[in-house]
Structure formats: structure tokens, C-alpha cells
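Trainee: I am new to this entry and would like to go through it with you. Could we start with the pockets?

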Amino acid sequence: MNDRRVVITGIGTICPLGNDLNSTWEGLKAGKSGIDYITQLDTTDHPVKIGGEVKNFDPKPFFSDAKDARRADRYTQLAMAASKMAMEDSGMEPEAVDKTRVGVMVGSGIGGLGTLEREHEKLIKRGPARVSPFVIPMMISNIASGMISMEYGFGGPNMVIVTACATSNHNIGEAWRMIKFGDADAFIAGGAEATILPMGLGGFANMKALSTRNDDPQTASRPFDVGRDGFVMGEGAGVVILEELEHAKARGAKIYG
């Protein structure tokens with residue numbers, strides 16, 4: 001069974017360079033930087049003023065029910081968007097495949113930090129009765145995978161691996177392994193993050209991990225440069241569709257690699 005080959009048949013991305021694969025790729029080819037001054041929070045008291053924000057993002061078109069979009073943390077909204085775009089790019093029709101053989105592993109290093117911050121503030125200022133009943137499902141790191149699978153009715157393996165900055169790679173790698181050893185025929189796999197928030201920014205800045213090149217956002221991210229001074233926090237999602245080779249060929253899918 002372990003001679004099964006795995007291919008990539010779809011890609012979906014949303015990031016500071018663009019809200020879809022094409023604009024992201026064109027931005028990369030042009031050598032553009034998605035780093036700029038942070039607008040999502042007041043950085044007056046923060047030593048770091050720069051980050052990579054996703055701009056002009058409306059999550060509603062990516063959910064079959066607008067209510068579900070409202071009840072999702074930003075990281076889940078980004079994950080759903082990238083997953084929908086990856087599925088569309090792959091040309092896979094959910095009704096034309098065995099849904100019990102399609103899994104989802106779209107992880108997050110920390111999950112719904114924005115939800116946690118907002119609801120904790122409510123708890124302190126207004127008491128426990130004001131805490132949203134959705135706070136737990138909105139903040140857990142596996143809810144994006146759960147919501148993506150429910151959106152398509154996929155009943156294959158569904159879980160996430162949380163390993164900080166390696167989260168997406170590990171989810172893609174484990175999805176590959178499960179297809180290779182016959183536990184599934186296809187996977188939606190990748191990751192999403194949305195932590196440009198007071199806690200996220202403050203925590204990383206105070207451990208001296210972030211660049212403070214506030215006067216030059218466009219060139220602040222320079223990890224291999226002798227003048228590097230830290231990483232730049234960003235947000236977004238990247239998702240691939242993994243398929244067993246014969247499964248992909250049988251439906252005439254294009255194969256990236």
C-alpha cells in the first residue's frame with residue numbers, strides 16, 4: 001500500500017500580497033513586499049508598528065451561511081477562504097468523489113487569539129454572563145478543519161497538528177502520509193494564522209523576536225541578511241489539495257507536482 005504516490009492538484013492562498021493565488025504569485029514575481037504599518041490596532045504603546053496584514057477581506061462569500069462566517073474567528077475565515085479557492089483550483093467536485101475518503105488538516109499555531117482577547121475583555125468588564133457561548137469553538141485550533149469538512153460533507157480523517165511555525169508543513173506532511181498508507185484518497189491541508197493583535201504583538205515583541213525596523217517596513221523582513229533584527233508578524237492562509245495519483249488521474253485533474 002505504501003507505494004501510493006501523492007500529488008498536489010489545487011492551491012489556495014490569501015496573504016498580505018494578495019487575496020488569491022494569482023495576485024500573490026504576481027506580487028512574488030514582481031518582488032513586492034506585503035509588509036506595511038499595522039492598521040488593525042493602535043500601536044502607540046507598542047515598540048513594533050509593522051506587520052503583514054490581509055487587506056480588504058470579506059469572509060462572507062466563502063461560507064454557505066453568513067451566520068457561520070460571523071461565528072468564526074478571523075483565522076478560520078482565512079482558512080475557509082484558502083480552502084474554497086484550493087478546491088475550486090483543483091476542480092474536484094465533492095459529489096463526484098467518495099466523501100468518506102477525503103480528509104481535512106488545516107492547522108493554526110495558536111487558533112482564535114482574537115476571539116480569546118475579545119471575550120476575556122468582556123469577562124473582566126461585564127462578567128461571565130456576557131461571555132459568548134461560541135468562545136470555545138471559535139478559539140480552538142482544530143475548528144477550521146471541522147468547519148471546512150462540514151462545508152463539503154467530507155468524512156475522512158479530520159485533525160490538526162499544532163507545532164508553532166511548522167504547523168502547516170506538518171499538517172501537509174501527515175496528510176501525505178495518510179494518503180500514502182491508504183487511510184484517505186485526498187486531503188485539504190495547510191494552515192492559517194491571524195495574530196496581529198495586542199497580545200500577539202506584545203508577546204513576540206517582548207521576547208525580542210520581532211523586527212523594529214519601523215522606519216522601513218518594506219525591507220524589514222530579511223531573515224538571511226547580516227542586518228536582520230527579527231521576523232515580521234503576518235497573517236493569512238495557505239492550503240493545498242493533496243490526492244493519490246491514480247485518484248487525480250481518474251478525474252483528469254491538473255497536477256502541480
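Mentor: A term first: a pocket is an open set of grid points with protein on both sides within 12 Å along at least five of seven lines, and its lining residues have an atom within 4 Å of a point. Please also keep in mind that this is a predicted model.

Trainee: Which residues line the second largest pocket?

Mentor: The lining consists of Phe63, Asp68, Arg71, Met80, Phe134, Pro137, Met138, Ile143, Met147, Met150 and Glu151. The volume of this second largest pocket is about 190 Å³.

Trainee: Which helices each supply at least two residues of that lining?

Mentor: Helix H5 (135-139) and helix H6 (143-152) do. The largest share, four residues, comes from H6.

Trainee: What is the volume of the largest pocket?

Mentor: The largest pocket has about 1,100 Å³. Its lining has 34 residues, and those nearest the centre are Cys165, Glu193, Met233, Gly234 and Glu235. By class, 16 residues are nonpolar, 16 are polar and two are charged.

Trainee: Which strands and helices each give at least two residues to the lining of the largest pocket?

Mentor: On the strand side there are S1 (6-14), S5 (186-193) and S6 (236-244), and on the helix side H7 (167-180) and H8 (198-206).

Trainee: You mentioned Cys165 at the largest pocket. How many disulfides are there in the whole structure?

Mentor: A search finds zero. The closest cysteine sulfur to that of Cys15 is in Cys165, and it is 17 Å away, so the two are too far apart for a bond. A disulfide would need the sulfur atoms within 2.5 Å.

Trainee: Is Cys15 buried or exposed?

Mentor: Cys15 counts as buried, because its relative accessibility is 17% and the cut-off is under 20%. Cys165, in contrast, is exposed, with a relative accessible area of 84%.

Trainee: Changing topic, what about backbone angles?

Mentor: Most residues other than glycine have a negative phi. Ala164 has a positive value, near 50 degrees, and lies in the loop between H6 and H7. Ala164 is exposed, at 54% relative accessible area.

Trainee: What is the phi of Lys208?

Mentor: Phi of Lys208 is near 65 degrees, again a positive value in a residue other than glycine. Lys208 is placed in the loop between H8 and S6, and is exposed with a relative accessible area of 73%.

Notes. Residues numbered from 1 in each chain as written. Predicted model: local features only at pLDDT ≥ 70, side-chain atom pairs only at ≥ 80, totals over all residues. Heavy atoms only, no water. 1 Å grid on protein atoms, 1.4 Å probe; cavity = no way out; pocket = protein on both sides within 12 Å on 5 of 7 lines; lining within 4 Å. Points joined across faces, edges and corners; volume = space filled by probe spheres on them. Nonpolar A, V, L, I, M, F, W, Y, C, P; charged D, E, K, R; others polar. Buried < 20%, exposed > 50% of the residue type's maximum accessible area, 1.4 Å probe, protein only.
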